[in-house]
Amino acid sequence: MASFLFLRNEFENAMVYLNSIKGFFFNDDTFNFNFAQAKAALGQYSEAQEVLQQISSDEIKNSYTYLSWLARCYIMINKPDKAWELYMRMENTTDSFNLLQIIANDCYRMGQFLYAAQAFDLLQRLDPCPEYWEGKRGACVGVFQLVIAGQEPRESLTEAARLLQRTQQPQAELILRVITKWARETRAH
């Protein structure tokens, strides 16, 4: 029944059903995997992350679906470093590239610009399509804005500048000049 509701993207109804049988399947990895996915689809990321981490099956834990949901949960509960660690432990495969795209886009959407910039930088080096440069540029400017607002440590600006320096784009040079000028004016070297 839950599978049927999943396929129809009726996650609220799936949760009603899953909650009704939860007591019978508390330690079942397949049940917990479905339960966590439904929670995450409904935006209950913290609870989904907890349920995902209860899973012990290596087959499930090594699947791309599991890793991508866990990474998304980490990002949505403001733990992008843990999502980045998941990516770093993966081998270079199509799945790792896809996970990197999730990290880049979700971190950007959540205002976690340093991790977004790092992910877009890697994506750009793996596939030099313009969208990855645009994402990296926007994320680096986002890091700069957060540093100015006092919401990100000044050291993050050094990393963002390093990412921009390895880019052969005229806009990167302009952004670097603005950052350097601001750093000199505020003595943030």
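Is Arg72 buried, partly exposed or exposed? Arg72 is partly exposed, with a relative accessible area of 26%; buried stands for under 20% relative accessible area, exposed for over 50%, and partly exposed for values in between, with a 1.4 Å probe and protein chains only. The model is predicted, so local features need pLDDT of at least 70 and side-chain atom pairs count only at pLDDT 80 or more, while totals for chains, interfaces and linings use all residues. Residues are numbered from 1 along each chain as its sequence is written, and side-chain values use heavy atoms, with hydrogens and water left out.

## Salt bridges

Side chains of opposite charge can pair when their charged atoms come close. A salt bridge is counted here when a side-chain nitrogen of Lys or Arg lies within 4 Å of a carboxyl oxygen of Asp or Glu. By this rule, the structure has nine salt bridges. Three of them are set out below.

| Salt bridge | N to O distance |
|---|---|
| Arg8 and Glu10 | 2.8 Å |
| Arg72 and Asp106 | 2.6 Å |
| Glu159 and Arg162 | 2.4 Å |

The salt bridge of Asp106 with Arg72 links distant parts of the chain, with Asp106 in helix α8 and Arg72 in helix α6, 34 residues apart. Helices are DSSP runs of H or I with at least four residues, strands are runs of E with at least two, and both are numbered from the N terminus. Asp106 counts as buried, at 0% relative accessibility.

Glu159 counts as buried at 18% relative accessibility, whereas Arg162 counts as partly exposed at 35%. Salt bridges with shared partners also join Asp121, Arg125, Lys136 and Arg166 into one network.

Within that network, Lys136 lies in helix α10 (residues 130-148) and is buried, with a relative accessible area of 0%. A polar atom of the Lys136 side chain lies 3.2 Å from the backbone oxygen of Leu163. Leaving aside residues up to four places away in sequence, Lys136 touches Ala117, Phe120, Asp121, Gln124, Leu163, Arg166 and Thr167; contact here means heavy atoms within 4.5 Å.

In the Arg8 and Glu10 pair, Glu10 is partly exposed, with a relative accessible area of 23%.

## Aromatic pairs

Rings of Phe, Tyr and Trp (its six-membered ring) pair if their centres lie within 6.5 Å; planes under 30 degrees apart count as stacked, over 60 as edge-to-face and the rest as tilted. A search of the whole structure finds nine such aromatic pairs. Phe25 and Phe31 form a stacked pair, at 5.7 Å centre to centre with 25 degrees between the planes. Of these two, Phe25 is partly exposed, with a relative accessible area of 35%, and Phe31 counts as buried at 7% relative accessibility. Tyr108 and Phe120 form an edge-to-face pair, at 6.3 Å centre to centre with 80 degrees between the planes. Tyr108 lies in helix α8 (residues 94-109) and Phe120 in helix α9 (residues 113-126), so the pair ties together parts that are 12 residues apart in sequence. Phe120 is buried, with a relative accessible area of 5%, while Tyr108 counts as partly exposed at 34% relative accessibility. Ring pairs also link Phe25, Phe31 and Phe35 into a cluster.

## Two loop residues

Most residues other than glycine have a negative phi. Asn9, in the loop between α1 (2-7) and α2 (11-21), has a positive phi near 60 degrees. Asn9 is exposed, with a relative accessible area of 58%. Asn78 has a positive phi near 65 degrees and sits in the loop between α6 (64-76) and α7 (80-89). At 57% relative accessibility, Asn78 counts as exposed.

## The largest pocket

Grid points are joined across faces, edges and corners, and a volume is the space filled by probe spheres set on the points. The largest pocket holds about 280 Å³ of space. Of the 14 residues that line the largest pocket, Lys61, Leu67, Leu70, Leu86 and Arg89 are the closest to its centre. The elements that give two or more residues to this lining are α4 (45-54), α6 and α7.

Methods
Polar contact = N/O pair within 3.5 Å; in protein donor to acceptor, adjacent residues only side chain to side chain. 1 Å grid on protein atoms, 1.4 Å probe; cavity = no way out; pocket = protein on both sides within 12 Å on 5 of 7 lines; lining within 4 Å.
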